[in-house]
Amino acid sequence: MADKTILKALRGETQAVPPIWMMRQAGRYLPEYRATRAQAGDFLKLCYNPELAAEVTLQPIRRFGFDAAILFADILLVPQALGADLWFVTGEGPRLSTITTDADFAKMKTKDDIHKVLNPVYETVKILSSELPSETTLIGFAGAPWTVATYMIAGRGTPDQGPAHALREGNNALFEQLIDLITVATIEYLDMQIQAGAEVVKIFDSWAGSLKDEAFEKYAVAPARIITQELKRRHPSVPIIGFPREAGDGYIGFAEKTGVDCVALDNSITPEWGAKYVQVDGCVQGNLKSSHMVTGGQDLIDEVRHVRDAFSKGPHIFNLGHGITPDADPDNVALMIETLRETA
Ligand SMILES: Cc1c2[nH]c(c1CCC(=O)O)Cc1[nH]c(c(CCC(=O)O)c1C)Cc1[nH]c(c(CCC(=O)O)c1C)Cc1[nH]c(c(C)c1CCC(=O)O)C2
């Protein structure tokens, strides 16, 4: 449907009230999410259970009326589909078998093998595209090659992505083979999500900020450009959101260099800076601090207005600068939406 508010923003329209959704909007801060996850058994079983994954995707739409739903899945399902072992340690995060040698890489599967594992995700998308309200946009997603590679190399999240940088410098040929494999697998994965009904896709490069200068161009910009160009060739009308988190000056010109339709902004920059240097090139998404979803009150109201007003002269999708945290209060989410939609 052409007049969905998210799609209008992505086409470059400025709207008096920007559309809104929230990173990690289906998550542990919601009691109904925790109940469904318990029913599924654990987080990964939830990701691979199309009925229940669709259910948790719909929960924040029912409760809050967001303008977009984001598919419930995880960026680490692609490494798993490529042959990595994956598990989650409660309270700590993901763990994977590591890729640090040519022998490890030789055991990986190819891009054509991934759908066997990822099929349930496409089923979730199909369920959602028939069950979502007609005004709600369905967003699919994947991790960017660099961010996915950081987990595959280290076997876990790391504060500075040290192991991935070490491989990039120590065995660059292997590192680049891994980036290329994730890039081609991501294209096929997002293509299938689009065929199943995703109307927009987002590429999460959560660790882009640790790539500097030439490395940022080679491993954040170039893979995003390759994925975007190929998806645009196959699906010209499907908009793409890029999120090179903490890219700093790397945000400037990112849309033009990669071809993405919208750049998601984190909290390391002010909305004024984002409007001046990034929104000049098109749609931006962001960037309220997630901590306001914990603290609430007048500060939350003031900051929602601040972010909205700073981006009011161009196309904007309201969002947080990063995912909502488990300690957030759902009432603060409702207050954010109510404040955003008040007549200014
Ligand atoms: C780096 C990354 C991951 N996953 C993701 C990223 C990129 C965005 C970002 O920077 O946060 C992306 C992601 N993960 C999840 C979604 C679903 C859609 C949504 O945003 O609601 C999305 C878009 C569900 C999830 N992914 C995860 C949860 C929590 C798991 C649980 O329910 O126990 C959810 C709801 C787990 C996860 N998944 C990942 C980590 C590091 C963790 C553990 C940290 C944490 O617990 O928050 C990898």
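1. Asp213 is exposed, because 9 other C-beta atoms lie within 10 Å of its own, and its place is in helix H11, which covers residues 213–234. The phi angle of Asp213 is near 50°, a positive value in a residue other than glycine. That deserves a second look, because most residues other than glycine have a negative phi, and most peptide bonds are trans.

2. Before going further, please keep in mind that this is a predicted model. The mean pLDDT of the chain is 97, and 99% of its residues reach 70 or more, while for the complex the predictor gives an ipTM of 0.94 and a pTM of 0.97.

3. On the overall fold, the secondary structure of the chain comes to 16 helices and 9 strands, and its C-alpha atoms fill a box of roughly 60 × 45 × 40 Å along the principal axes. A compact globule of 344 residues would have a radius of gyration near 20 Å, and the 19 Å of this chain agrees with that. Buried residues make up 48% of the 344 residues, and among contacts with a separation of 6 or more, 73% are between residues 24 or more positions apart.

4. Gln161 is found in the loop between helix H8 (145–154) and helix H9 (162–170), and it counts as buried because 21 other C-beta atoms lie within 10 Å, the cut-off for buried being 20 or more. There is also a cis peptide bond, with omega about -20°, joining Gly286 and Asn287; Asn287 has its place in strand S8, residues 283–288.

5. The unreviewed UniProt entry lists, under "binding site", Arg24, Gln25, Ala26, Gly27, Arg28, Asp74, Tyr151, Ser206 and His322. These positions are spread over 299 residues of sequence and also in space, with up to 22.6 Å between C-alpha atoms.

6. Two of the listed positions can be compared in their surroundings. Gln25, in the loop between helix H1 (5–10) and helix H2 (31–40), counts as buried because it has 27 C-beta neighbours inside 10 Å, and, leaving aside neighbours within four places in sequence, it is in contact with Pro60, Phe66, Ile70 and Ile324. Asp74, in the loop between strand S1 (68–70) and helix H5 (77–81), is partly exposed, with 19 other C-beta atoms within 10 Å.

7. The unreviewed UniProt entry also lists residues 19–28 and 139–155 under "domain: Uroporphyrinogen decarboxylase (URO-D)". Residues 19–28 are 0% helix and 0% strand, with end C-alpha atoms 23 Å apart, whereas residues 139–155 are 59% helix and 29% strand, with end C-alpha atoms 27 Å apart.

8. Finally, Ala54 in helix H4 (residues 50–64) is buried, with 22 C-beta neighbours inside 10 Å. Beyond its neighbours within four places in sequence, Ala54 is in contact with Thr124, Ile127, Leu128 and Glu131; the C-alpha atoms of Ala54 and Leu132, which are 78 residues apart along the chain, are separated by 9.6 Å.

Notes: Residues are numbered from 1 along each chain as its sequence is written. This is a predicted model: local features need pLDDT of at least 70, side-chain atom pairs count only at pLDDT 80 or more; totals for chains, interfaces and linings use all residues. Helices (H or I, at least four residues) and strands (E, at least two) are DSSP runs, numbered from the N terminus. The radius of gyration is taken over C-alpha atoms; the globule rule is 2.2 Å times the number of residues to the power 0.38. A residue is buried if 20 or more other C-beta atoms lie within 10 Å of its own, exposed if 12 or fewer, and partly exposed in between; C-beta atoms are placed from the backbone. Two residues are in contact if their C-beta atoms, placed from the backbone, lie within 7 Å. UniProt positions are given in the numbering used here, feature names are shortened, and annotations may be inferred rather than shown by experiment. pLDDT is the predictor's confidence in each residue, from 0 to 100.
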